[in-house]
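Below is a short report on selected helices and their packing. The sequence and structure come before the details.

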Amino acid sequence: MNETEEIFKIRFIENSPEMEIRSSAPQAENQNRECNFFNCFDVFKCGYNGKKMSVYIYPIKRYVDDKGVPISLPLSSEFIQILETIMNSPYYVNDPKKACIFVPSIDLLNQNNIRLKETSQVLSSLPYWNSGFNHLLFNMLPGSVPEYNPVLEINSHSAMIAGASFSTWSYRKTHDISIPVFSKIHGHPFDSETCKEGSRQWLAVSAQTNIHFEYKNQLEDLAEEHTELLVLNRCSESNSTFRCRGGDSFTYPEVLQDSTFCLIIRGARLGQTTLSDAMRSGCIPVFVSDGYIPPFDDNIDWKRASISVFEEGLGDLIHVLKSVSDERVSEMRQQACFLWVKYFSSIPRIVNTVLEILNSRIFSRYALTYEDWNNPPGKKGVSAPLFLPTIAPKSQGFTAVILTYDRLESLFQVILKVVQAPSLAKVLVVWNNQVKAPPPAKIWPKIHKPLKVVQTKENRLSNRFYPYDEIETEAVLAIDDDIVMLTADEMEFAYEVWREFPDRIVGFPSRVHLYDNATKKWKYESEWTNEISMVLTGAAFYHKYYSYLYTYSMPGDIKEWVDDHMNCEDIAMNFLVANVTGKAPIKVTPRKKFKCPECTNVEMLSADVIHMAERSECINRFAESYGVMTLKTVEFRADPVLYKDNFPEKLKRFNNVGSL
């Protein structure tokens, strides 16, 4: 070897062979900033265990250079816990040939404890490195003096990083995972009493010791003006268990338990142990750090447990915090404590959360839901009370329930349209006219599916949701007698969507509720928008279980009010389902026009000039009856596969789908 060829040597210690790294060997590349799950991860390695990934840990070795100087410090207790947690998890395998994800046994938690260039070369020399594909690196303290970059400064290339200080420019969505900086300061067991309701001495506290002097000065100015703000500094460089303000000292982190809100401000590093300390103390985090990616941000709904304030808006801090209601404070405090216990409280909790996120990315069909991630056990509305399989059985089909009064021509057209849907099992006509009997059987359309007519005793809109014995299927298509524009393909497609979401209302005409700041009331809006919160039951699928709830378990006097005013039964059903499930309805197909071309405006209920005002009144009355606005807003629409794509019709299953 000549002098230019050999520039570096690495030896494996602990009964392992010596290894040389030469300049001619492949060197580690810089981090690939374009990485995501789809271009820097080989998912085909993950099929060995069916429903879960497999994780391999490289053998633990100690790396030294040619002079015997260690390349990194001995493994920290935290990193040893990480490896032990992985080994004790159901994902661990000891055969690299069956591995989906590889974890190097190199402690990268604290960048200050490693030699960057040499560590990069060690990684590139790993036998399965492959430019970092499918490799997972753990890091909590990235960057170094003076920049403190928010990402580990080694040549990781395509490796995934579970890191604690990501910003929006350094975080690779669907590839990296943001984790918390584990706090070791807690010396006593967690006390759940800190999460319960009750007033606290301070509105907000700033107990960090490494924030920029400009923020510190601004906070101290605010504290002089607002005595409910407590701004603390380190008492001495050698003591981290106390914080001081003037001559007063406070024990840390106990002082956090005396404050409603705790500030998490941009410091030398974006990731702060203060976040974990605050949540453990039942203190609501207030992020004042533009661009910071909070821990597990892709899965945790931080709006339920924290408040964010722009750095330039720090002067409005007190105004923002005082505007939060006591009820909201209680909810956020309990949510923060729940998140800490479940995801932050120990190294194994953090690691298991990382593994669950990765497994959910790979096997999305078995991924945890939003409710699984964010709702404490037993919280109302976690899931629908329908004991159904993930996908409802197709064999039963659906029952079309048509509410009518005396519009035979359009009614018969609707029946002839509905019967064309392959999955239709039965047609049930609810004859809502007590004065005039239904027409004789001989004039009804001749169809190849069962048709049943039920005459009601009173003319009520709620009759359409009565749990009739004739409804034998789980799926119900509620449809008005003037909806003659729907095609068989549209109805069949909507039924297929409902089968995948049997706990929701799935249908065609959509509406949204909005809050009017001028009147301080909710408003019913029928304009075309991307957002929806209601699917009208003039043409919608729902589970027959909701007919029982609507008829026998409707809160307050909602059902009676609907019948008295002959309006809003569809809004009432949307409130009911959203309250039970905590989920939004699903609109299908782009069609937005649902007008009866054969009907005159005089015949249509919606022609009444007070219709819109009454619909808005309905929303406000129903919200008052429930005690909360149950409707959920969503920007989502389901269209058939290949819809609008330029493919031959024989390749498409649903060709006859109406346009806008």
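## Helix α6

Helix α6 covers residues 326-344, 19 residues in total. From first C-alpha to last, α6 reaches 25 Å, close to the 27 Å expected at 1.5 Å a residue. The expected span is 1.5 Å times one less than the number of residues. Helices (H or I, at least four residues) and strands (E, at least two) are DSSP runs, numbered from the N terminus.

This is a predicted model: local features need pLDDT of at least 70, side-chain atom pairs count only at pLDDT 80 or more, and totals for chains, interfaces and linings use all residues. Residues are numbered from 1 along each chain as its sequence is written, and side-chain values use heavy atoms, with hydrogens and water left out.

The buried residues of α6 include Val-329, Met-332, Arg-333, Phe-338, Trp-340 and Phe-344. Buried means under 20% relative accessible area, exposed over 50%, and partly exposed in between (1.4 Å probe, protein chains only). The buried residues of α6 pack against β14 (259-265), α4 (273-280), β15 (284-288), β16 (307-308), α7 (347-362) and α8 (370-374). Contact means heavy atoms within 4.5 Å.

## Helix α13

α13 has 13 residues and reaches 19 Å from its first C-alpha to its last, close to the expected 18 Å.

Gly-582 follows α13, with a positive phi near 70°.

## α13 against α14

Helix α13 (residues 569-581) and helix α14 (residues 611-626) pack at about 30°, their axes 10 Å apart. Axes are lines fitted to C-alpha atoms, for helices over the stretch in contact, and angles run from 0 to 180 degrees between N-to-C directions.

On the α13 side, Asp-570, Ile-571, Ala-572, Phe-575, Leu-576 and Asn-579 take part. They meet Arg-615, Cys-618, Ile-619, Phe-622, Ala-623 and Tyr-626 in α14. By class, this contact has 9 nonpolar, 1 polar and 2 charged residues. Ala, Val, Leu, Ile, Met, Phe, Trp, Tyr, Cys and Pro count as nonpolar, Asp, Glu, Lys and Arg as charged, and the others, Gly among them, as polar.

## Whole protein

The protein has 14 helices and 27 strands. Of its 660 residues, 53% count as buried.
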